[in-house]
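Work through the exercises below with the sequence and the 3D structure open. Each task is followed by a solution in steps.

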Amino acid sequence: MILRERPVPETILYNEAALKRLPPLSDLRPQIEKSLLKARAGYSGECRVDRLLSIIDSKDTYIIHDLCLQTGSTYIQIDTLILTKYLALILEIKNISGRIKISPEFGQIERTINGEITAFPSPIAQCKKYKIHLKNWLKKMKLPSLPIEFLVVFTNPSSILSASPHDTEVVHKVLRIENLLPKIQELMNTSNSHFIEEKELRRTSKMLLKEHRPYPINKFQVDYIKGIQCTRCKEFSMVRNKASWLCAPCGSYDKRAHMQAFNDYFLLMGPEITNHDARDFLQISSPRLAQYLLKSMAFISSGSGIGTKYSQPN
Ligand SMILES: [Zn+2]
């Protein structure tokens, strides 16, 4: 049973909005494009796993995609968590192409592609850290302790994995997506020595969902292009006209063009917007129009008068 579907990652939405509003000559463009490509590749690998797991049709198996928990000052971002009465299984999903050498003793993996070697942090070390944090979190929330297992799933069909055959940890914990379902089944079959009650399992999953927090992303400090973008010609040139938005260069009208601008504001600028912020970002002069638009968006408001702040509902 899927308890939480995977949303489009905030990193993708943020980088897309940033590229759209980045001044044309900004030095940051290559860095943001690279980050967007990486995030899209990761998301595509995760979606492959999601499609595979969607065929697990068991009401006793709870699946939570993209779970982020805050433990102290750190965050753990679990790609997928599978919960049963017998165990909690963390899946770390990697969509990396090329030849991949896994050497956990050095805490990293090595990827060779077109003769270029790149090192990545070891996903095994990462999972071990998540396991400790999740165990502590369950204890802190006074939830029953469950055995916690993890698997690292490589999803890229063109990658070639290698490791020392003597490295039993890699052999048991790292696999290709094709072997994921049988491996999960095997783990379920062998992990039945200890179990928790069904209602305890429900309470645990409910609490995990409740405590999920969006993973904070690093934002760039940039003077973004302001204004409302024309949906047809992509110029930031729309002006209010006849209760709609008119693009002077291409002559098209779009009543809803301000909605994307508000989305961009929340992605790029911050979680709250005032009337003043809205006028500045949308490049409009009328406080009455700004108020009308803000109220039309079904945002959550706090405060009153000039200091009223609006935010997006969760
Ligand atoms: Zn236009």
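**Exercise 1. Helix H9**

Task: Find what covers the buried residues of H9.

Solution. What covers them includes helix H7 (257–268), helix H8 (275–282) and strand S14 (309–311). Contact here is defined as C-beta atoms, placed from the backbone, within 7 Å of each other. Helices (H or I, at least four residues) and strands (E, at least two) are DSSP runs, numbered from the N terminus.

Next, list the residues that are covered. In H9 (residues 287–296), the buried ones are Ala290, Leu293 and Leu294. They lie on the same side of H9 because they cover an arc of only 100° around the axis; the arc is that of the directions from the helix axis to the C-beta atoms. A residue is buried if 20 or more other C-beta atoms lie within 10 Å of its own, exposed if 12 or fewer, and partly exposed in between, with C-beta atoms placed from the backbone.

Then turn to the face directed away from the buried side: Arg288, Tyr292, Lys295 and Ser296 are exposed there. Just after H9, Ala298 has a positive phi of about 55°.

**Exercise 2. Confidence and domains**

Task: State where confidence is lowest and where it is highest.

Solution. This is a predicted model, in which local features need pLDDT of at least 70 and side-chain atom pairs count only at pLDDT 80 or more, while totals for chains, interfaces and linings use all residues. Residues are numbered from 1 along each chain as its sequence is written. pLDDT is the predictor's confidence in each residue, from 0 to 100. The protein has a mean pLDDT of 93, and 100% of its residues reach 70 or more. Confidence is lowest in helix H4 (residues 168–173), with a mean of 88, and highest in H8, at 98.

For the overall layout, take domain 1 (2–211) and domain 2 (238–311), with bounds from an automatic or database domain assignment. Their C-alpha centres are 37 Å apart.

**Exercise 3. Two hairpins**

Task: Trace S2, S3 and S4, and note how many residues lie between the strands of each hairpin.

Solution. Start with strand S2 (residues 62–71) and strand S3 (residues 74–83), which run antiparallel and are joined by nine bridges. Tyr62 stands opposite Leu83 in S3. Two residues lie between S2 and S3 in their hairpin, and Gly72 in the turn has a positive phi of about 65°.

Continue to strand S4 (residues 88–94), which pairs with S3 in the antiparallel sense over four bridges. Thr80 has Leu91 as its bridge partner in S4. The hairpin of S3 and S4 has four residues between the strands.

Finally, return to S2, where Asp66 lies. Phi of Asp66 is positive, near 55°. Is Asp66 buried or exposed? Asp66 counts as buried because it has 21 C-beta neighbours inside 10 Å.

Terms used: Two residues are in contact if their C-beta atoms, placed from the backbone, lie within 7 Å. Two strands pair if DSSP finds at least two bridges between them.
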